[in-house]
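Open the model in your viewer and keep the sequence panel beside it. We will go from one selection to the next, and at each stop I will tell you what to look for.

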Amino acid sequence: MKAVVTNRFLPRRLLSLALGSALGQGAQVKDVSIPEIKENEVLVKVRAVALNPIDFKDIDFISPRNSGIGCDYAGEVAKVGKNSGQRWKVGDKIAGFVHGGLYPDIGSFAEYLKIDGDLAWKVPEEMTLGEAATYGVPAATAMLGLSYLDVSWADVQNGRDLGEERPPIFIYSGGSNVGLFAIQLAKRAGYNVIATASPRSFDLAKRYGADAVYDYKSSTAVAEIKKAYPNITRALDCFSEGASATFCADLLKEGKVVTLLDQGKSKKPNVTYKFLMVYTVFGQDFQLMAPIGPVFKALPSDRDVLSQFYGSLSTLSLTAVRPPPITRINGGFKEIFEGLETLRKGQARGTKLVVEFD
């Protein structure tokens, strides 16, 4: 089969990281073997992929040479491992995400993909595979982040009416893909949701369920939010760069801020930071920017959250958890590289790029 595979040695990766820009093309389409699946795995014929910033960062400087690239996917079941047959059969429409960018035989930018049978979801007939591909890294990150904030999975699954006894949840960057999923999941669990976004994304965040949206660049935003919602104790920082974590912490008298990049320790008493790395769901310890980066342990509790989420998503997606706005691109590997360059340039704000294979 054909797949996108990285080609950078470590010195060039480090130089790209230091310069903050890619030096040439760090990946190429290669002919590789179709992955062999184990008894708990499923082989997927990939029909659509959603593009994430982590994909071009993997290519530019994170991923070791000869790593498969791509995380989010949707497609059809092509082969089923012995232990996955109760849940999947050949021809089922399937979607999810994988830990692309680290292993030679795992990456969604490929004609075929092997996945863990319990970490995928069955796509409803009413949904296109392009839409389904968007429920990968962003949706999983949102669900995992809310679980770190002690949002009950049972409340998300069953739905719950808003209750005044619950302090609202704050979401920084509510107009992002992660933010839009987090807003919907928190609303379904019965929480009021306060968010920040750029003014052009105010209406978008509100359409997805945010009760109030503030301009993150406003010098008065923190004071306004604290005055209107003095009892916020939980925040999900879907940006996690610059001063975003500090912004979140300043809203809380006490509580927790979940971040998507490591922010160290909070400087505010009684406020803690919790760093989320979504790949902890896959049951294997791993190293970011191998062989020199930090090592992360697999977390069985994180895997349980994703397994429960994907196990019920088919019944939630069309009614309560919509995909973000999508820009569909028909094509193949050439269009994937073009889409990643669009992401590099920051030219895909307010939309999710999805490549549907011809």
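Select I171 and you will find L236 of β11 standing opposite. Keep in mind as you go that this is a predicted model. Now widen the selection to strand β8 (residues 169-172) and strand β11 (residues 234-237): the two run parallel and are joined by four bridges.

Next, bring in the rest of the sheet. In which order do the six strands lie? Reading across, you pass β10, β9, β8, β11, β12 and β13, in an open sheet with parallel pairing. Between neighbours, the strands are turned by 20 degrees on average, ignoring direction.

Then show α9, which lies across β8, β9 (193-197), β11, β12 and β13. Compared with β8, α9 runs at about 160 degrees.

Helix α8 (residues 221-228) and helix α9 (residues 244-251) have axes that come within 9 Å and cross at roughly 30 degrees. Angles under 35 degrees count as roughly parallel, so α8 is roughly parallel to α9. The crossing of these two helices is right-handed. Which residues make the contact? Show A221, V222, I225 and K226 on α8, and F247, D250 and L251 on α9. The residues of this contact of α8 with α9 comprise five nonpolar and two charged, with no polar ones.

Two backbone details are worth a stop. First, zoom in on A290 and P291, which are joined by a cis peptide bond with omega of about 10 degrees. You will find P291 in the loop between β14 (286-287) and β15 (295-296). Then jump to N66, in the loop between α2 (53-62) and β4 (72-80). N66 is not a glycine, yet has a positive phi of about 70 degrees.

In the model, the end C-alpha atoms of residues 1-26 lie 20 Å apart, and the span is 38% helix and 19% strand.

Technical notes. Residues are numbered from 1 along each chain as its sequence is written. This is a predicted model: local features need pLDDT of at least 70, side-chain atom pairs count only at pLDDT 80 or more; totals for chains, interfaces and linings use all residues. Side-chain values use heavy atoms; hydrogens and water are left out. Axes are lines fitted to C-alpha atoms, for helices over the stretch in contact, and angles run from 0 to 180 degrees between N-to-C directions. Angles under 35 degrees count as roughly parallel, over 145 as roughly antiparallel, 65 to 115 as roughly perpendicular and the rest as oblique. A crossing is left-handed if the near helix is turned anticlockwise from the far one by less than a right angle, and right-handed if clockwise. Contact means heavy atoms within 4.5 Å. Ala, Val, Leu, Ile, Met, Phe, Trp, Tyr, Cys and Pro count as nonpolar, Asp, Glu, Lys and Arg as charged, and the others, Gly among them, as polar. Two strands pair if DSSP finds at least two bridges between them.
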